[in-house]
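Good morning, and thank you for making time for this presentation.

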Amino acid sequence: MAAPRPLDINNVQGDILEGLGKKHQSFFFFRIKAGQASGFRDDLRSFIPLITTTTEAKKFHQAINEGKKEAAKQGKPFPLIENSGVNIAFSKKGLVALGFTDDIGDPLFENGMLADANDLGDDLTDWDADFKKGIHGVITVAANNNNVLERTVDRIKKIFRVGQKDVTIEEVTRLLGQTRPGAESGHEHFGFNDGLSQPAVQNVDAGVISEPLEKPVRQGVILLGREGDDGLVVPGDSTTPKGIKRPSWALDGSFLAFRYLKQLVPEFDAFLEANPLKGVPFPPAPGDPTGAELLGARLVGRWKSGAPVDLTPMRDNPAFAHRQDFRFDQKNQERCPFAAHVRKTNPRGDLPPGGTEVRRIIRRGIAFGPEVTDEERKQKRSSNDEKLERGLLFVCYQSNLGNGFHFMQQSWANNKNFPPTTQSDPNVPTPGIDPIIGVGTPRSMVGASPDLSASNQPLDFTAKWVIPRGGEYFFSPSIPALKSK
Ligand code: HEM
């Protein structure tokens, strides 16, 4: 068997291994017009030069970092570089329309997210009708300036002849994300610093911050056909020892799981205020008279600054915001509840070493929607006005959806018995579902309070605070694969 060639990051779309620099992001969901597949392929050739590769995305970030350092030296504010980033990904239906008809070796991708919604725990009545229409692909545009973003989107529309008789794509829907204002920039709508913990990828240095206690993941955990991918592509011999076949055009592509997640922010905040934790001497920290901040931190597993509760259990410490050197070594819930969102989605030392490598995903989400209004805050309820809807446009990359996003949602977040902490000691309470994204019963959590005797009283959640409104599984092909069509 020939070994795959060394990875050339010029071939990999930039959002996967580096991330597109952004304050604003547009997700343009499209269908290829019936009868226009060949015209679409022609237009795609004109579109490909616009795609931001990993190399270009890295250069962009380097320029920003250097510019910031330079500006800091001169005591000046650094004007944001307004450059825009562009990527494209296709659903199964889109790949077929493009002429990539062979099975890529991932049943979840082949069948699409709508078919998986039940297993993910979604209520399809909450899904936006547009995500039930059969989307062919998504064009992602990211920029630090909204005008630049819209100009780039217009330029792309022209390439695909939008507004002309022989148009080759039609818009299904467009979702717009933007980072939150001021100091909340980088924080999702519940107020927590997001996008902190990412796996580092071997020889790529993809992690925003690598985890000193965690080995970098093999490239194949994120990219198809690289070492560590279950369905390794070997050019000239695409049959793996396991018998899974990946077509050779899949090399250096990645599966993109997109989730349109609405967040009920006033309801979440009201819950935190209404549930003082039992057994904790209050106020636990200055500025947190009711313990709402502590409860929120324990539901997420990090304080709003990003500081992990496993390292600083009783009060926020912004100096710890980027720390990754924690392993949940304490096998009770005093420092971090078993069900905390970050413990559920990356259980670190709760599983044997190496046990989580194939479960790692790279996240590239962005917040959408306006800030909570005074009226909503007063009513402690989200408005019914769709224009005020807010949440997270969640994007993640992996080489195998059944190992990555799907597994994480179904078998970890929605599974009240995960992490398997009770196996060795029947007296340890069942963790409960992930309070942020978990679906299932009971909707309660035993480890809410750091006082373990009090924590044996489960805390009931009133309702879900994150509502999936749609999504799709896409494949983000390598640049050479796109050029081959
Ligand atoms: C981490 C919020 C949805 C997987 C985090 C963090 C926050 C957060 C605040 C901690 C900061 C960080 O390390 O980035 C949210 C919110 C969501 C959401 C508000 C929904 C609106 C999801 C979904 C998944 C997911 C759907 C996957 C099924 C992860 C993972 C981590 C994480 C893997 C990193 C854990 C670690 O390595 O420590 N999330 N998240 N999140 N989230 Fe989410």
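A word on terms before we begin: helices here are DSSP runs of type H or I with at least four residues, numbered from the N terminus. Please also keep in mind that this is a predicted model.

With that in place, consider helix H10, which spans residues 341–345. His341 has its place in this helix.

Let us now widen the view to the surroundings of the ligand. There are 27 residues around the ligand, and those that come nearest are Leu196, Ser197, His341, Arg348 and Arg363. In Ser197, a side-chain N or O atom is 2.5 Å from an oxygen atom of the ligand. For Arg348, the distance from a polar side-chain atom to a ligand oxygen is 2.7 Å. Arg363 also places a polar side-chain atom by an oxygen of the ligand, at 2.8 Å.

As to the makeup of the shell, 13 of its residues are nonpolar, 8 are polar and 6 are charged. Which elements supply at least two residues each? They include strand E5, covering 254–263, and strand E8, covering 391–398.

Helix H12 brings us to the packing of helices. Its axis and that of helix H6, residues 113–120, come within 10 Å and cross at roughly 25 degrees. Angles under 35 degrees count as roughly parallel, so H6 is described as roughly parallel to H12. On the H6 side, the contact is made by Met113, Asp116, Asp119 and Leu120. Phe405, His406, Gln409 and Gln410 make it on the H12 side. Sorted by class, this contact has 3 nonpolar, 3 polar and 2 charged residues.

Finally, the backbone. The peptide bond joining Phe418 and Pro419 is cis, with omega about -5 degrees. Pro442 lies in that loop between H12 and E9 too, and a cis peptide bond links Thr441 to Pro442, with omega near -10 degrees.

Elsewhere, Asp252 sits in the loop between strand E4, residues 169–178, and E5. Its phi is near 70 degrees, a positive value in a residue other than glycine.

Terms used
Residues are numbered from 1 along each chain as its sequence is written. This is a predicted model: local features need pLDDT of at least 70, side-chain atom pairs count only at pLDDT 80 or more; totals for chains, interfaces and linings use all residues. Side-chain values use heavy atoms; hydrogens and water are left out. A residue is near a molecule or strand if one of its heavy atoms lies within 4 Å of it. A polar contact is a pair of N or O atoms within 3.5 Å; within protein, one must be able to donate a hydrogen and the other to accept it, and residues adjacent in sequence count only if both atoms are side-chain atoms. Ala, Val, Leu, Ile, Met, Phe, Trp, Tyr, Cys and Pro count as nonpolar, Asp, Glu, Lys and Arg as charged, and the others, Gly among them, as polar. Axes are lines fitted to C-alpha atoms, for helices over the stretch in contact, and angles run from 0 to 180 degrees between N-to-C directions. Angles under 35 degrees count as roughly parallel, over 145 as roughly antiparallel, 65 to 115 as roughly perpendicular and the rest as oblique. Contact means heavy atoms within 4.5 Å.
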